[in-house]
Structures are given as C-alpha cells and as structure tokens.
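Subject: Structure handover

Hi,

Here is the structure for you to look over. My notes follow below it.

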Amino acid sequence: LRQPLFFLVRGAFLRYDANSASLPIGGSRLSALVPAREAGLTRIVTIPCRGEHTRIISNSALLVTQTTRADPTLYSAALTSFARRPDPES
C-alpha cells in the first residue's frame, strides 16, 4: 500500500491517494507529478532566469527555470523526464 501524496495548491493541502481512481485536481501537471513522485522526486528547484531548462540534479531533485515551471506543457515534460530517467540503482 502506497502512502498518500499531499499537495499544496493555492494555500490548501490536497490529498491524493494512489488507490483512488481520480486526482484531487485536474491538469497535466498533476498527472505528470504523480509518476515523478513515485520515481523518487521530493524536491523541485525553480531558478529565476529566462528560457526553458530542465536538469535532474539528484535521485530526488529536479531543477527547472521559471519559464518551464510556468508553462503547463514544459513543466509536464520536465516531470515526465524525471519519471522516465534510467533507474539510478542499475
């Protein structure tokens, strides 16, 4: 049984239970966040610079620019890249 995930959204905590059929809020960003979280993501570092950039900086952290974080498509792609990275244990 997986532990539930908690998200801070607009000042309110929302709970997502992996055993439930739906997410507490919609959107591609949240849909991409769940697999990234299950792959070990615990920290997202947003840097204040122009342009899009994403880098996996550890087995649990992802670095993105403000541009990437603000764009739903780019942010979803960044989260997906973390979830699909090669297994760090192999």
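Read along the sequence, the protein chain runs β-β-α-β-β-β-α-α. That gives 3 helices and 5 strands. Helices (H or I, at least four residues) and strands (E, at least two) are DSSP runs, numbered from the N terminus.

Before the details, two notes on how to read this. The model is predicted, so local features need pLDDT of at least 70 and side-chain atom pairs count only at pLDDT 80 or more, while totals for chains, interfaces and linings use all residues. Residues are numbered from 1 along each chain as its sequence is written, and side-chain values use heavy atoms, with hydrogens and water left out.

Three strands form an open sheet in the order 3-5-4, with mixed pairing. Two strands pair if DSSP finds at least two bridges between them. Strand 3 (43-47) and strand 4 (54-56) are at the edges. Each has a single partner strand, so one side of each lacks a neighbour in the sheet. The twist averages 20 degrees from one strand to the next. Strand 3 and strand 5 (residues 61-65) run parallel and are joined by 5 bridges. In strand 5, Leu63 is the bridge partner of Val45.

Helix 3

Helix 3 (residues 72-83) lies across strand 3, strand 4 and strand 5. Helix 3 runs at about 155 degrees to strand 5. Axes here are lines fitted to C-alpha atoms, for helices over the stretch in contact (heavy atoms within 4.5 Å). Angles run from 0 to 180 degrees between N-to-C directions.

Thr80 sits in helix 3. Thr80 counts as partly exposed because its relative accessibility is 25%. The cut-offs are under 20% relative accessible area for buried and over 50% for exposed, with partly exposed in between (1.4 Å probe, protein chains only). Thr80 and Ala32 are 48 residues apart along the chain, yet their C-alpha atoms are separated by 5.8 Å.

Buried residues make up 24% of the 90 residues in the protein chain. The largest nonpolar core has 11 residues, among them Leu30, Ala32, Leu62, Tyr75 and Phe82. Helix 1 (28-38), strand 5 and helix 3 each supply at least two residues of this core. A nonpolar core is a set of buried Ala, Val, Leu, Ile, Met, Phe, Trp, Tyr and Cys residues joined through side-chain atoms within 4.5 Å. Leaving aside neighbours within four places in sequence, Leu62 is in contact with residues including Leu41, Ile44, Ile56, Ala78 and Leu79.

Best wishes
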